[in-house]
Amino acid sequence: MAFACCFFSFLISIGFEKRLNTESKSATLIQAWWRGQLMRRSLVHLTFLVVLLQRWWRRVRWLHRERKRKKALTQYIYETKAAVLIQTTVKTWLAQRRYQQAQKAAITIQSGWRGYTGRKKAAAIKESAGTLIELEIEIELRDFVD
């Protein structure tokens, strides 16, 4: 130990202390730089991981919204188709009803017209039959008188 103390005092005497101080500062500087490099690497890596996580989360949110949107759209289409089907059925029923009413009215008009023309023809036939009989009687009477 005495030797070490003497050696150290010798080193101090020749300015080794300055050199040790400079080397110590240099070592500290190198260590600080290296630790900074490691920290920056880990921060870059963590930043990359955070970006990946954010991308994943945004995709999950987007898929969730897309599913909800598709479900709402499907529901809307289903309700719209149902409404269109009901409207079509009601409009068809109303059109059939109007057609049947118009057909009934046409039949009523046709039967009235046919009855009128039939009565007219019957009256004409009756009148012509009466004159025909009178004519026959007149012809027979002429033949009888002559």
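This is a predicted model: local features need pLDDT of at least 70, side-chain atom pairs count only at pLDDT 80 or more; totals for chains, interfaces and linings use all residues.
Residues are numbered from 1 along each chain as its sequence is written, and side-chain values use heavy atoms, with hydrogens and water left out.

The chain contains two helices and zero strands; helices (H or I, at least four residues) and strands (E, at least two) are DSSP runs, numbered from the N terminus. Helix α2 covers residues 16–145. Of the 146 residues of the chain, 2% count as buried. Here, buried means under 20% relative accessible area, exposed means over 50%, and partly exposed lies in between (1.4 Å probe, protein chains only). The chain exposes about 14100 Å², of which carbon and sulfur atoms supply 67%; accessible areas come from the Shrake-Rupley method with a 1.4 Å probe, and for residues only the protein chains shown count as cover.

M39, L43, L46, F48, L49 and L52 make a nonpolar surface patch of about 560 Å². Patches are made of residues with over 30% relative accessible area and no salt bridge; like charges are joined within 9 Å, and nonpolar side chains (Val, Leu, Ile, Met, Phe, Trp, Tyr) within 5 Å. One of the patch residues, L52, is placed in helix α2 and is partly exposed, because its relative accessible area is 38%.

The count of salt bridges comes to one, a salt bridge being a side-chain nitrogen of Lys or Arg within 4 Å of a carboxyl oxygen of Asp or Glu. E66 forms a salt bridge with R69, and the closest N and O atoms are 2.6 Å apart. Both E66 and R69 lie in helix α2, three residues apart, about one turn of the helix. E66 has a relative accessibility of 18% and therefore counts as buried, whereas R69, at 44%, counts as partly exposed.

Three aromatic pairs are found in a search of the whole structure. W56 and W57 form a tilted pair, 6.1 Å centre to centre, with 45 degrees between the planes. Rings of Phe, Tyr and Trp (its six-membered ring) pair if their centres lie within 6.5 Å; planes under 30 degrees apart count as stacked, over 60 as edge-to-face and the rest as tilted. W56 counts as exposed at 52% relative accessibility, and W57 as partly exposed at 44%. The rings of W113 and Y116 have centres 5.6 Å apart and planes at 40 degrees, so this pair is tilted. W113 and Y116 both lie in helix α2, three residues apart.
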